[in-house]
Amino acid sequence: MSNQEQLVSVYIPSHYRPSDLNRSLNSVLIQTHTNIEVIVALDGKCEDSISLLEGIANKDHRLKFLVNEQPKGACNARNRAIDMASGDFITGLDDDDIMEPDCIQSYLAAWNDRYALLCADYSIFGVHSNRFDLNKTEYTHFDLVEKNYVGNQVFTKLDTLKNNTFDEKMVAWQDYDCWFRVVLAQNKPFLKLGKKLYKVNVDPNRERITTGTKTATGAIQFLSKHAEYLKDKVTFWLLNDLVNRGQKIPLWLVVALLSSSQSKRAVYFFLKHSFLGSLVFSLKNFLAKFN
């Protein structure tokens with residue numbers, strides 16, 4: 001059986017966002033690769049979401065869903081959906097993001113068993129990116145020590161993810177932790193495709209863990225779990241933590257990273273949180289609304 005004929009499972013955790021879920025789910029059901037199963041895990045009983053899912057499932061047998069009567073967290077919802085999956089491959093999607101129509105087909109075309117996982121870049125709702133050069137890039141776990149080059153979604157073999165599920169004890173950095181463990185366990189590189197396969201929502205008003213104190217706790221949990229790999233890279237870990245929480249980057253940290261692969265990133269976020277940088281980025285976002 002060729003890759004293009006194989007069954008792909010897609011898991012979508014959702015938390016009281018029926019309208020966003022509808023958009024996200026539709027982006028999966030219209031994929032150019034049609035041999036899929038979609039598993040939605042509702043984290044908390046939402047009658048509007050249940051009605052939506054029942055209506056779609058009655059028309060499209062590829063959709064399955066499950067419900068946590070009480071919220072247990074996104075990791076629990078993801079893990080329950082992963083446990084229910086039966087595809088050859090698996091990938092995921094957040095309920096306020098969407099897949100480009102050729103997302104799954106692109107992953108299948110690029111898959112090679114020499115990789116632990118595949119991932120891709122994304123565009124942002126309402127913002128025109130100035131990132132013109134997108135190249136296929138191979139990474140290893142040594143690269144993941146520096147930062148989460150993967151993002152929040154991967155494409156991999158189902159058994160790979162079933163053997164390395166999300167850590168429900170972590171309050172943040174769960175994606176990063178999961179991808180790091182997958183790459184370590186597989187002892188293989190991973191490939192980031194040279195195209196944008198998602199549109200993501202970065203609305204600062206939406207509910208997200210990275211706006212709260214949980215992210216700092218998650219960063220410490222990540223450091224504790226992977227200390228042997230981070231012991232000489234604490235500056236990378238600290239930069240990631242501050243960036244994730246939207247905090248200012250101190251000058252001493254920028255200086256410490258000047259000779260590293262993260263030097264440009266450190267300078268960028270240092271300037272972004274300066275007074276002049278705040279004005280420039282605010283103006284850029286304002287102008288993007290009219291494009």
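Reader: Where is cysteine 46 found?
Author: This is a predicted model. In it, cysteine 46 sits in the loop between strand E2 (36–43) and helix H2 (47–59).

Reader: Buried or exposed, that cysteine 46?
Author: Cysteine 46 is buried. Its relative accessible area is 11%, and the cut-off for buried is under 20%.

Reader: How many residues lie between it and proline 18 along the chain, and what separates their C-alpha atoms?
Author: Cysteine 46 and proline 18 are 28 residues apart along the chain. Their C-alpha atoms are separated by 8.0 Å.

Reader: New topic. How many cavities of 30 Å³ or more does the structure hold?
Author: Two. The largest cavity has about 40 Å³ of space.

Reader: Which residues line the largest cavity?
Author: Its lining is Ala120, Tyr122, Val150, Gly151, Asn152, Gln153, Tyr198 and Val200. Two elements give two or more residues to this lining: strand E6 (118–124) and strand E9 (190–200).

Reader: What classes of residue are in the lining of the largest cavity?
Author: Five are nonpolar and three are polar.

Reader: Where is the place of aspartate 94?
Author: Aspartate 94 is in a loop, between strand E4 (89–92) and strand E5 (98–99).

Reader: Which side chain of opposite charge is nearest to aspartate 94?
Author: That is arginine 78, 4.0 Å away. Aspartate 94 is buried, yet has no salt bridge.

Reader: What does the side chain of aspartate 94 make a polar contact with?
Author: With the side chain of glutamine 153, at 3.4 Å. Gln153 is in the lining of the largest cavity, and Gln153 also lines the second largest cavity.

Reader: On to salt bridges. How many does the structure hold?
Author: The structure holds 15 salt bridges. One of them joins aspartate 20 and arginine 23. Their closest N and O atoms are 3.8 Å apart.

Reader: Where are aspartate 20 and arginine 23 in helix H1?
Author: They are three residues apart in helix H1 (residues 18–29), so about one helical turn separates them. Arginine 23 is partly exposed, with a relative accessible area of 35%.

Reader: What does lysine 45 form a salt bridge with?
Author: With glutamate 47. The closest N and O atoms of that pair are 3.9 Å apart. Lysine 45 is partly exposed, at 40% relative accessible area. Glutamate 47 is partly exposed too, at 48%.

Reader: Which side chain does arginine 114 meet in a salt bridge?
Author: Glutamate 138, at 2.4 Å from N to O. The pair links distant parts of the chain, 24 residues apart. Arginine 114 is in the loop between helix H4 (103–110) and E6, and glutamate 138 is in strand E7 (residues 137–139).

Reader: How do these two come out on accessibility?
Author: Arginine 114 counts as partly exposed, at 41% relative accessibility. Glutamate 138 is partly exposed, with a relative accessible area of 39%.

Reader: Which residues are linked in a network of salt bridges?
Author: Asp167, Asp177, Arg181 and Lys225 are linked that way.

Reader: Last topic, backbone angles. What is phi of tryptophan 173?
Author: Near 65°. That is a positive value in a residue other than glycine. Tryptophan 173 is in the loop between helix H6 (158–162) and helix H7 (174–186).

Reader: Is tryptophan 173 buried or exposed?
Author: Buried, with a relative accessible area of 7%.

Reader: What about phi of asparagine 187?
Author: Phi of asparagine 187 is near 55°, a positive value in a residue other than glycine. Asparagine 187 has its place in the loop between H7 and E9.

Reader: And is asparagine 187 buried or exposed?
Author: Exposed. The relative accessible area of asparagine 187 is 68%, and exposed means over 50%.

Definitions and conventions:
Residues are numbered from 1 along each chain as its sequence is written. This is a predicted model: local features need pLDDT of at least 70, side-chain atom pairs count only at pLDDT 80 or more; totals for chains, interfaces and linings use all residues. Side-chain values use heavy atoms; hydrogens and water are left out. On a 1 Å grid over the protein atoms alone, a cavity is a set of points where a 1.4 Å probe fits but cannot get out, and a pocket is an open set with protein on both sides within 12 Å along at least five of seven lines; lining residues have an atom within 4 Å of a point. Grid points are joined across faces, edges and corners, and a volume is the space filled by probe spheres set on the points. Helices (H or I, at least four residues) and strands (E, at least two) are DSSP runs, numbered from the N terminus. Ala, Val, Leu, Ile, Met, Phe, Trp, Tyr, Cys and Pro count as nonpolar, Asp, Glu, Lys and Arg as charged, and the others, Gly among them, as polar. Buried means under 20% relative accessible area, exposed over 50%, partly exposed in between (1.4 Å probe, protein chains only). Lys and Arg count as positive and Asp and Glu as negative; His and the chain ends are not counted. A polar contact is a pair of N or O atoms within 3.5 Å; within protein, one must be able to donate a hydrogen and the other to accept it, and residues adjacent in sequence count only if both atoms are side-chain atoms.
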